Amino acid sequence: MPDLIAKSALEGKSLTLGGVTLAEVSVGPITSIAVLPGGAKAVAKGLKPLGLTFPFNIRPLMAGWNALFLRPGQMQADPAASAQWNRGAYLVEGLGHCGACHTPRNALGAERGGAAKFAGAMVDGWEAPALTALSAAPIPWSEDELYSYLRTGFSRFHGTAAGPMGPVVQELAVLPDADVRAMAVYLASLTPPPAADAAAKAADLAAQLEAKAAQALMPLDSMGSRLFQGACAACHSSDGPTLLGARPALALNTNVHAARPDNLIRVILDGIPSPAARDLGDMPGFRDSFDDRQVAALVRTIRSKFAPEASDWADLEATVARIRATPGSH
Ligand code: HEC
Ligand code: HEC
C-alpha cells in the first residue's frame, strides 16, 4: 500500500482507493496515514477489504464525490512560510487527511473550506473537536502539547486520544519525530499566536483550573457527586495518588468543556478499552453499572464542577439514551 502510493506519486498520478482519490500526495512519504471519508459501516459491497485495518478500511459513502470536490494535483507550498510549516501542512492536509474527521462537510459530504476547515465535526458518533481558534480546550493548544498528543496520545494540559483518534495516533507512530513536530508546528499556527512563555502560562492556567474545580461545591448528597466519588475519583481526582498510566485532569479536558456532551458520555459508557499507546492505561466502561438517569446526573456534576463557567448541557438523559443505543465502532 505505501509502495502503491509512492509509485503513483512518482508517476504524478493520483491514487484511487475505493473510489476516493488520494490527491495531494507527493514523492517522499513512505507510508500512508490516509483516512477516507465515510463511516466504518460504509464498506462498499463487493470491495475486498484488502486486509487493511482502521483507518484504511473506511470507504466513501457517495459515488461521484471525487469528481465534484477533490482538488486535483499536489498541494502548493507556501513560499512565505518555513519548510517545516510546509511539511506540516502537507502531512496534515494531504497525507494525514485530518480534515476527513475534523472538518465539517457540506450537504454533499465534501469537506468545507475557509473558516470551516478543521472547525470540528461528528464522526462515528464522536465529536472530532475544532483544531482552530474555535477549540473548546480551556488551555490553548501549543506546539509542544500538539506534538506530545500526536506522538504519545496524551497531553498533560488536555487529555488523551480516545475513540477514533486512538488509531490515528497509532498510525502516526511510523512517522519520524521531525514529521510529527512539523505537523504540530502547522497545527499550532491554526490557533491564536501563543504567548512568548506559553508553557509557563499553560501551567499557571492548569493550576488555576484545577484549584477552581477542587473548590467547586459538590454536595455529597447528590446522586452525581456520589457516583463521581465512587466511580471516578480514585483515578481522576487531582489530589489522589498517581496510578499507572495517564490521569487526564477533567478540569483541563476538552470534552468536559465542549459544546456537546457526546465524547464525555461515550467515555463513561464504554471506557477507553484500547488506549492509543499501551502505557496510557485503559479506562473501564460503566454501561452496565449505571442507567441513563445516573449517567446524566454524573455528567451534570462533572460539567458544573470541572467546567463551572460553561453552560449546562440540555436534555442529558435523552442524549445518554441515544448514545447508549448507538455504540460507535471504538
Ligand atoms: C477518524 C477520525 C479522525 C481523524 C482521521 C483524525 N482525528 Fe483527531 N480526533 C478525532 C476525535 C474523535 C477526537 C476526540 C478524541 C477524544 O476526545 O479523546 C480527536 C482529537 C484530536 C485532537 C485533540 C483535540 C482536543 O481539543 O482535545 C487533536 C489535536 C487532533 N485530533 C488532531 C488530529 C490530527 C493532526 C489528525 C491527522 C493526522 C487527526 N486528528 C485525524 C477524530 C479524528
Ligand atoms: C481505573 C481508573 C479509571 C477510572 C475508575 C475512571 N477513569 Fe477515566 N480515564 C482513566 C485513564 C487511564 C484514562 C486515559 C485512558 C487512555 O486514553 O488510554 C481516562 C480518561 C478519561 C477521560 C479523558 C478522555 C479523553 O478523550 O481525553 C475522561 C473524560 C474520563 N476518563 C472520565 C472518567 C469518568 C467520568 C469516570 C467515572 C465514571 C472515570 N473516568 C473513571 C482511568 C480511569
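User: How many nonpolar, polar and charged residues does the shell around ligand 2 have?

Analyst: The shell around ligand 2 has 19 nonpolar, seven polar and one charged residues. For those classes, Ala, Val, Leu, Ile, Met, Phe, Trp, Tyr, Cys and Pro count as nonpolar, Asp, Glu, Lys and Arg as charged, and the others, Gly among them, as polar. Before we go on: this is a predicted model, where local features need pLDDT of at least 70 and side-chain atom pairs count only at pLDDT 80 or more, while totals for chains, interfaces and linings use all residues. Residues are numbered from 1 along each chain as its sequence is written, and chains are lettered from A and ligands numbered from 1 in the order in which they are written.

User: What makes a residue part of a shell, and which are the closest to ligand 2?

Analyst: A residue is near a molecule if its C-beta atom, placed from the backbone, lies within 6 Å of it. For ligand 2, 27 residues surround it, and the closest are G159, T160, C232, C235 and P275. Elements giving two or more residues to that shell are β6, α10, α12 and α13. Helices (H or I, at least four residues) and strands (E, at least two) are DSSP runs, numbered from the N terminus.

User: And which residues are the closest to ligand 1?

Analyst: Those are G96, C98, C101, A162 and T254, out of 33 residues that surround ligand 1. By class, this shell has 22 nonpolar, 11 polar and no charged residues.

User: Why is α7 called largely enclosed?

Analyst: Because 10 of its 12 residues are buried, α7 is largely enclosed by the rest of the structure. Buried takes 20 or more other C-beta atoms within 10 Å of a residue's own, exposed takes 12 or fewer, and partly exposed is in between, with C-beta atoms placed from the backbone. Among the buried ones are D179, R181 and M183. Their cover includes α3, α5 and α6.

User: How do you know that the length of α7 agrees with what a helix should span?

Analyst: The expected span is 1.5 Å times one less than the number of residues. For the 12 residues of α7 that gives 16 Å, and the end C-alpha atoms are 16 Å apart, so the two agree. The 15 residues of α13 should span 21 Å, and its end C-alpha atoms are 21 Å apart, so that agrees too.

User: What makes a nonpolar core, and which residues have the most contacts inside the largest one?

Analyst: A core is a set of buried Ala, Val, Leu, Ile, Met, Phe, Trp, Tyr and Cys residues joined through C-beta atoms within 7 Å. The largest has 69 residues, and L150, M183 and A184 have the most contacts inside it. α7 gives the most to this core, with eight residues. Leaving out residues up to four places away in sequence, M183 touches G88, L91, V92, G96 and L150; a contact is two C-beta atoms, placed from the backbone, within 7 Å.

User: Why does A133 count as exposed?

Analyst: A133 has 11 C-beta neighbours inside 10 Å, so it counts as exposed. A133 sits in the loop between β4 and α5, and is in contact with T191 and P192 once neighbours within four places in sequence are set aside.

User: Where does pLDDT stay under 50?

Analyst: Over residues 1–72. pLDDT is the predictor's confidence in each residue, from 0 to 100. The protein averages 78, with 72% of the residues scoring at least 70.
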